[in-house]
Amino acid sequence: TASDGTTIQALEWFVVSSGDIEHNGHYHHYVDLGLPSGNLWATHNVGADTLYKHGDYFAWGEIEPKTAYTIANCVMWDKAMWDQPVSHDDSIRGISGNANYDAATAIWGDEWRMPTMEDYQELYENCTRQLLDMLTPDGYVKGWMFMGPNNNRIFIPLSGYRDGESYGEVPGDFYAVGEMAHYWHSSVLKYNSGAGILYLELGWNGPYYYNYHVSRYHGCNIRP
């Protein structure tokens, strides 16, 4: 156990894959956690090549990473939106699985999608969680282990987020790496330019917000 209370685990102990799906010559691995829905979770983030790396950061509803994350360059800022895929003239609905707005689907293919809030709720309610300081070839990486009812596991790193508007810092700055993380899901706040995240933190009470919202311009990770 580390001085901050995290449990240290070696990478070799942790790697568990139930299978993979090929897309454009790339194989993306998944884990069957034994969840009631049968959902299969990816072993790593979009843009990462292994389970402990942070991967790419995306503004909500955008399918390419950027060098800066600001209100001015946020495509989805101020768009009126709803969660459900029902026709409406001024809305884009149900982005999970929509390759025009879901980076997981656009980059990894139709078999993958951004989680919904309900997906993260199921993960939270059915998994045992443990804060880890994982020993990797690149050093120690803090994150949360989610262990399913069948004892299979995934690791979600505390990868921080990117915000070019806060504190007058240089656009694209990273915040809170190793302390917290924001992972997008498809839930939106209709009119105030907010969107849903799974909020992870270092404290022993976390991760506890699967229904949290932040501004859509933030650069956050996606775990399909």
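These legends accompany several close-up views of a predicted model.

**View 1. The whole chain, before we zoom in.** The protein chain carries three helices and 14 strands. Of its 224 residues, 52% are buried.

**View 2. The largest nonpolar core.** This core holds 23 residues, and those touching the most other members are Val46, Trp60, Met114, Trp184 and Ile222. Helix α2 (103-108) and strands β12 (180-189) and β13 (194-201) are the elements that each give two or more residues to this core. As general background, nonpolar side chains in soluble globular proteins tend to be buried together.

**View 3. Val46 and its surroundings.** Take a moment with Val46, one of the residues that touch the most other members of the largest core. Setting aside neighbours within four places in sequence, Val46 is in contact with Ala104, Ile107 and Trp108, and also with Gly55, Asp56, Phe58, Ile222 and Pro224. A separate core of 18 residues lies apart from the largest one, and its members include Val31, Leu35, Trp41 and Tyr120.

**View 4. Ile63, in a loop.** Ile63 sits in the loop between β4 (40-42) and β5 (81-82). With a relative accessible area of 29%, Ile63 falls between the 20% and 50% cut-offs and therefore counts as partly exposed. Beyond residues up to four places away in sequence, Ile63 touches Phe58, the run Ala99, Asn100, Tyr101, Asp102 and Ala103, and then Ala106 and Ile107. Look also for Ala104: its C-alpha is 7.9 Å from that of Ile63, although the two residues are 41 apart in sequence.

**View 5. The largest pocket.** About 220 Å³ of space lies in this pocket. Its lining brings together Ile21, Tyr30, Gly38, Asn39, Leu40, Trp41, Glu111, Trp112, Arg113, Pro115, Asp119 and Pro224. By residue type, the lining divides into seven nonpolar, two polar and three charged residues.

View 6. How many disulfides does the count come to? The count comes to zero disulfides.

Terms used:
Residues numbered from 1 in each chain as written. Predicted model: local features only at pLDDT ≥ 70, side-chain atom pairs only at ≥ 80, totals over all residues. Heavy atoms only, no water. Core = buried A, V, L, I, M, F, W, Y, C linked by side-chain atoms within 4.5 Å. Buried < 20%, exposed > 50% of the residue type's maximum accessible area, 1.4 Å probe, protein only. Helix = DSSP H or I, 4+ residues; strand = E, 2+ residues; numbered from the N terminus. Contact = heavy atoms within 4.5 Å. 1 Å grid on protein atoms, 1.4 Å probe; cavity = no way out; pocket = protein on both sides within 12 Å on 5 of 7 lines; lining within 4 Å. Points joined across faces, edges and corners; volume = space filled by probe spheres on them. Nonpolar A, V, L, I, M, F, W, Y, C, P; charged D, E, K, R; others polar. Disulfide = S-S within 2.5 Å.
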